[in-house]
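Welcome, and please take a moment to turn the model around on your screen before reading on. The paragraphs below will walk you through it step by step.

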Protein chains: 2
Amino acid sequence: MNHEHISTAFDIELNELRQSILVMAGKVELMIANSVKSLVNRDTPLAEQTIAFDHEVNGAEMAVDERCLELLALRQPAARDLRFITIALKIVTDLERIGDQCANIAKRARELNEEPPLKPYIDIPRMAHWVEVMVKEALDAFVQGDAAMAVKVCKDDSFIDELNNQIQRELLTYMIEDPATISRALKLNYVSKSLERIADHATNIAEMVIFMVKGKDIRHTIV
Amino acid sequence: MNHEHISTAFDIELNELRQSILVMAGKVELMIANSVKSLVNRDTPLAEQTIAFDHEVNGAEMAVDERCLELLALRQPAARDLRFITIALKIVTDLERIGDQCANIAKRARELNEEPPLKPYIDIPRMAHWVEVMVKEALDAFVQGDAAMAVKVCKDDSFIDELNNQIQRELLTYMIEDPATISRALKLNYVSKSLERIADHATNIAEMVIFMVKGKDIRHTIV
């Protein structure tokens, strides 16, 4: 087998790795959508299903990790490919933790669905939509090596922080006006914070993508 | 240079990597202690200092990352060493995020120090102490390859979760009894949640150590 062949086989393996990370990301995006849907539609079976689905994301993380180690050991990649694989290792950890946050949201939904609704949910589904887009764009940036898209994700994070602050301020007024709402308001606060943490994970992924593409570390500088 | 020599040089490099991760962990442990001390002692200059210190932790993460990539590229390690380096890459990300949480605690301390104290802080420093021990033990387990110590860290996490729940329940009673306390109680709630997140990072590190030592993945199974 000459070098040309090895390189081609490795390219196929890297593409398969990219695909399996995208499949994992798709599972996580579904969890974001369904966890918030289970809250908004008061759909407790969907909440249960989302909590159970977290196992699939965990399994996907372990499989990608294992594959990255195999590729590092067998292919001994250099430069750009090495950076791609080591960043893949870090990215799947973020994706797995996003799954954990979605399971947490679904658990709060399950509790909130047992009580009368505090208010119509307007801002939380809106926030969830934007967070889901951030995760999708961060992963697209990763597989396409698109630094410009990754920079956009980093910038969007401050919008999510602002939305989270706004939701928290609104919930605070409910709590002050009527202490009977405090328990429910705290749970909604928790949902909003979980979405904000998911956006942080998307931002972390995007920062690593910029590092991967540009080869220099912009973490801790642009956001 | 024969194989013996290469192996020895690489061993020295791996030891240096271990040391630099321990130094980074030491900075993070100091941040945990100081962030909570700035709250308990109402020491706003210490809070400012802790927030500024986060840059040092960020710098340490980038340096360790860079070194791991160099070792992967130059030494092309296999088996146990490969697993050690790839897990080092993931662990420093957790350490860096612990630093972020400490900076968040210090920011809440800075705000809380401007207002009359809600209550004497008993449980939060106690929780911070245990969380700091968990981080220290998780890192010791990593550098010593000590799976038993890592298992202990994973088990301690449920104690921290329980402490966090207890603190949250207590703060809830303050909020219900007197809405004027809500804003301060929410900030203390936030501090408690940040400590709980730090414990989660320590647990994540410990789970990766068990994977490193045993070679099989116990993440998502034992806790």
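This is a predicted model: local features need pLDDT of at least 70, side-chain atom pairs count only at pLDDT 80 or more; totals for chains, interfaces and linings use all residues.

Helix α3 (residues 79-112) of chain A and helix α3 (residues 79-112) of chain B have axes that come within 10 Å and cross at roughly 45°. Angles under 35 degrees count as roughly parallel and those from 65 to 115 as roughly perpendicular, so the angle here makes α3(A) oblique to α3(B). The crossing of these two helices, α3(A) and α3(B), is right-handed. To find the contact, pick out T86(A), L89(A), K90(A) and T93(A) on α3(A), along with T86(B), L89(B), K90(B) and T93(B) on α3(B). By class, two residues of this contact are nonpolar, four are polar and two are charged.

Next, step back and take in chain A as a whole. Chain A has six helices and zero strands, and its pattern along the sequence reads α-α-α-α-α-α. Taken along the principal axes, the C-alpha atoms of chain A fill a box of roughly 75 × 35 × 20 Å. Among the contacts in chain A between residues at least 6 apart in sequence, 80% join residues at least 24 apart. Of the 223 residues of chain A, 44% count as buried.

That brings us to the interior. In soluble globular proteins, nonpolar side chains tend to be buried together. The largest nonpolar core in this model has 130 residues, and those touching the most other members are V135(A), A138(A), V209(A), V135(B) and A138(B). Helix α6 (residues 182-214) of chain A gives the most to this core, with 16 residues. What does V135(A) touch, leaving aside residues up to four places away in sequence? Its partners are A25(A), V28(A), E29(A), I32(A), I98(A), I198(A) and A202(A).

Helix α4 (residues 123-144) of chain B packs against helix α6 (residues 182-214) of chain B at an angle of about 15°, with their axes 9 Å apart. This angle makes α4(B) roughly parallel to α6(B), and the crossing of α4(B) and α6(B) is left-handed. Residues of α4(B) in the contact include M127(B), V131(B), V135(B) and A138(B), while those of α6(B) include L195(B), I198(B), A202(B) and V209(B). By class, the contact of α4(B) with α6(B) has 17 nonpolar residues, one polar and no charged.

Finally, two backbone details in chain B are worth a look. R42(B) is not a glycine, yet R42(B) has a positive phi of about 50°. You will find R42(B) in the loop between α1 (3-40) and α2 (44-75) of chain B. With 14 other C-beta atoms within 10 Å, R42(B) is partly exposed. A79(B), also not a glycine, has a positive phi of about 45°, and its place is in helix α3 of chain B. Is A79(B) buried or exposed? A79(B) counts as exposed, with 10 C-beta neighbours inside 10 Å.

How values were computed. Residues are numbered from 1 along each chain as its sequence is written. Chains are lettered from A and ligands numbered from 1 in the order in which they are written. Axes are lines fitted to C-alpha atoms, for helices over the stretch in contact, and angles run from 0 to 180 degrees between N-to-C directions. Helices (H or I, at least four residues) and strands (E, at least two) are DSSP runs, numbered from the N terminus. Angles under 35 degrees count as roughly parallel, over 145 as roughly antiparallel, 65 to 115 as roughly perpendicular and the rest as oblique. A crossing is left-handed if the near helix is turned anticlockwise from the far one by less than a right angle, and right-handed if clockwise. Two residues are in contact if their C-beta atoms, placed from the backbone, lie within 7 Å. Ala, Val, Leu, Ile, Met, Phe, Trp, Tyr, Cys and Pro count as nonpolar, Asp, Glu, Lys and Arg as charged, and the others, Gly among them, as polar. A nonpolar core is a set of buried Ala, Val, Leu, Ile, Met, Phe, Trp, Tyr and Cys residues joined through C-beta atoms within 7 Å. A residue is buried if 20 or more other C-beta atoms lie within 10 Å of its own, exposed if 12 or fewer, and partly exposed in between; C-beta atoms are placed from the backbone.
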